[in-house]
Amino acid sequence: MKHKIVFGSFEATCITIILITTQLFLNYPRIMMETAWTAAWILSLYISLVALILFVIIVKLYENFEGKDLIDLGEFVAGKAGRIIVGMIIMGFLLYITPVILREFSENIKIIGLPHSPLSFVLMFFILGMIAASYMGLEPIVRVSAIIVPVVAVGYLLIIAGSSRYFDISRITPWLGSGPYEIFIKGLPRISVFAGVLLVYLLYPFIRTKKNFKTVGYLSILFASFFFFIGVLAFSLIFQYPTGTESFLPIYQLARLVEFGRFFQRIESVFIIFWVASALLHLSILLFLTAYVFKKTFQLKYYRPLILPFALMVYTMAFFPHNLPSAIKLESYFRYFAWMITFLLPIVLLILANAIKKLKKNEEANE
Amino acid sequence: MNKYIASIKNLFTFKEPKPIEQFILLENACDEKQPDHDSNDNTKPDDSNKYEDTDSDKDKAKISKKLTENLKYMKRTYSIPINGDIVLREFDIVVKDKTIPAFILFYDGMTDRDVINSAILQPLMLLSNIDIKGDEKNIADFVKNHILPQNQVKVSEKYEDVINEINFGGCGIFIDGIDIAFACDVKGWEHRSVERPNSEQILRGPQEGFTEVLRINTALVRKIIKDEKLIVEDFTVGKRSKTACSLLYIKDITNEFLVAEVRRRLENINIDYLIDSGELEQLLEESSYSLVPQLMATERPDNVAAHIANGKIAVIMNGSPFALVAPVTLLELFHSPEDAYIRYPYVHLIRLVRYLGVLLSLLLPGIYIAITNFHQEMIPTDLVFAIEASREQVPFPSVVELLLMEVMFELIREAGIRIPGPIGPTLGIIGALILGQAAVAANIASPILIIIVAVTGIGSFAIPNFSLGFTFRVFRFGYIFLGALSGFLGITVGLFLQSLMFVQSKSFGIPASVPFGPKTSSKKGSERIFRLPIWKQERRADYLNTQKEKKQPKVSRKWIEDFPKKGGDQNEA
């Protein structure tokens, strides 16, 4: 029964794309613009490239550990203690970001569409969706993502296409924005936007083969980079640097510009559907992972009894930030430091694991 | 009190799930073996067999040599003379100068009298005198070989076998001095002839529908498929009703595991009476609580034949004009058999209209509520004025107004089915008046709302599958509530939950949302949202894991290969 759930690389790619790119609907274009000014699109391309290179390294290091996720690696390196440490780190990572994202999405939906509803009410809808999805398990979440992601992607491209008539190339000059140092050195920690890649390491036992692992990793990073790039580019082509950094919900601002003829002028509400669908998927997989990682770390038999307590925790923690700006601040911290867990932790673990494997081999050879 | 506390506790506490092995449709050539169902599942029916009636031992009793004993037994079994429609006719046979008493037993009305008279009674009573060349000493052999000119005669040693035959329109023959009985097939009950299907009408394509007689139905399918590899495997379901069912599949196409699983389920149904295939469907499906239909019920032999040819199985039941097809995906339930018969370019239009109808029937009321209550800015100004003007006089909030009209519509729909034929048109008039004119005139509903309810209703009739129509009718009310609670947020959460439900639902090991989630191979031929031209449908659906995946060669219209040469030559000449 252990790993009976197996799904294809398409489904895994879809869910990873969602986990990486949902921040596009939150603050991503603005964060890029704050760091690199008019050169936000260069920064977006640059960090995508760096993330891809780091992933290539990780794939190389992973060569000998087919089908093992990070927690298994932790166990391989340092036994039970290693497993628990790695598991706790990932849990901390998940429990930090889930309430923040939940809060941000709920606040945004409240602002866009439900100004009179209390926040707790809006949150409740999200949390109910998350609980239902996590209860049904990984397989349904992943399958739903295979259906929803293409639809959301088309909707997103429609927003970009619909707003394209306001593009003005002069808005992205000066070309290098805040300068090469700011972009290429100071902007480096921004690879944390690819924090969602963590999912690929955790899904490894489900997608099983090396080939799938590579496909899912590369495809999701490439697609996410593409969506990031066009989003940031469109945003900076429409909103000039100082104005853009003050804009709330960048992609929503783009959606507001979309109009098809005289009759359909305010269709941005329709995009709430895309927003909420991707947010639900994103949050569901996060909640599922929290319970799943906890189960795996402490070698429990079932993850389902953990869902309700974790959901309650996430729901409560979502109220910790005083207001939306403080939640955004919390997310921006995350987007600065998450690379340590997404890229540094696996690299360190894999180097150690490879070293230990070599040592063991040598010992066996000596004996 | 304790009971309530326990049930509330059960709701919130975690119970260890029972380790149930779910059926997974494996590939035929796969090395992995199916879980050994026999070990754990066969115990269940055995246990429940305990309540079998006590007569069963007697039924297995052997037929006696003495006619008087047999007569007594049969009279007791059939409660003669209380039972009015059973006919017991005693007579004498003269065989080789001996006079032997005998009797026949059959149900009046279920059998063909002429056949009994001319092919059973006449030869036995009159023609047995004729000097027949043959030297059988045994009376049984003599009777069977020479004086029963009947095409289906079963010889049985047990009462049970004869009784089963008699119950199913046969004629039992008991003769003194031999410990066997004959059962002749003389079925001849009144039945509906093959007519147009009532619930699945199409314009282009065959117009035959199934009837209530099993053999006619299997013949209707065999008539279309005409393949000796088409297997019609017989089962009886129902301990008392002994309803005959047939499992249809093509031996060298259908996945063997699928056939084995259906066979296992059919053999392990333990109920007393089975009346209709609607009941059989509920006994065969995996989850009774899922809103998604897991078998497709169809009245059309051509539909069944098409599905069987594609590697599925069908179950036909005596007494029901609906065959069950499995496994079935959600997308297939949206398709009508007509889609295959009309030309390729037209299918897209038909299917688009159908999908649109489904979407409207599902979401339109919910979206209307969401937009009018939460997202008014979406509506263009002129339309806002129009809606507002039409709603000005209506005293209810829009949700109440909508629910009122929807309930009214559901009422008319339900009553329309139950209403006796002659007063049918009255309902139409009342419905039109209530839903249309009067409701608006009385300021109970706004005209725009009437349009919405009407469009929703029409949309729901575009769903070709009856069961799926129910699914969407139920969901529609959910979306009304969600839309009223929190606008598009609620509707999206509803869509998310609905897709989770669809994705999780399985029909004989196949997820309902195939081929989208899980995504299956997009090799040529498997049905997607739209159909391919018929010559491009080269393969059977990937998810069915059939034994023969290929349906036709890459070039199925061979004439097209020679075509350019000939055409060119002609042009040059």
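Q: At what angle do the axes of helix 2 and helix 3 of chain A cross?

A: Two packed helices are described by the angle between their axes and by the distance between those axes. In this predicted model, the axes of helix 2 (residues 28-36) and helix 3 (residues 40-62) of chain A come within 8 Å and cross at roughly 105°, and the two helices of chain A are therefore roughly perpendicular to each other. Helix 2 of chain A contributes A:Pro29, A:Met32, A:Met33, A:Thr35 and A:Ala36 to the contact, while helix 3 of chain A contributes A:Ala40, A:Ile42, A:Leu43 and A:Ser44. Sorted by class, this contact of helix 2 with helix 3 of chain A has seven nonpolar, two polar and no charged residues.

Q: How many residues does each chain give to the contact between chain A and chain B?

A: The size of an interface is often given as the accessible area lost when the parts come together. Counted here by residues, the contact takes 25 from chain B and 32 from chain A. On the side of chain B that touches chain A, the largest share, 13 residues, comes from helix 20 (residues 466-504) of chain B, and that side as a whole has 14 nonpolar, nine polar and two charged residues.

Q: What is the strand order of the five-stranded open sheet in chain B?

A: The order is 6-7-9-10-8, with antiparallel pairing, and the edge strands, each pairing on one side only, are strand 6 (230-237) and strand 8 (296-298) of chain B. From one strand to the next the twist averages 25°. Within this sheet, strand 9 (residues 313-317) and strand 10 (residues 323-326) of chain B pair over three bridges, and B:Ile313 has B:Ala326 as its bridge partner.

Terms used:
Residues numbered from 1 in each chain as written. Chains lettered and ligands numbered in written order. Predicted model: local features only at pLDDT ≥ 70, side-chain atom pairs only at ≥ 80, totals over all residues. Axes fitted to C-alpha atoms, helices over the stretch in contact; angles between N-to-C directions. Helix = DSSP H or I, 4+ residues; strand = E, 2+ residues; numbered from the N terminus. Parallel < 35°, antiparallel > 145°, perpendicular 65-115°, else oblique. Contact = placed C-beta atoms within 7 Å. Nonpolar A, V, L, I, M, F, W, Y, C, P; charged D, E, K, R; others polar. Pairing = 2+ DSSP bridges.
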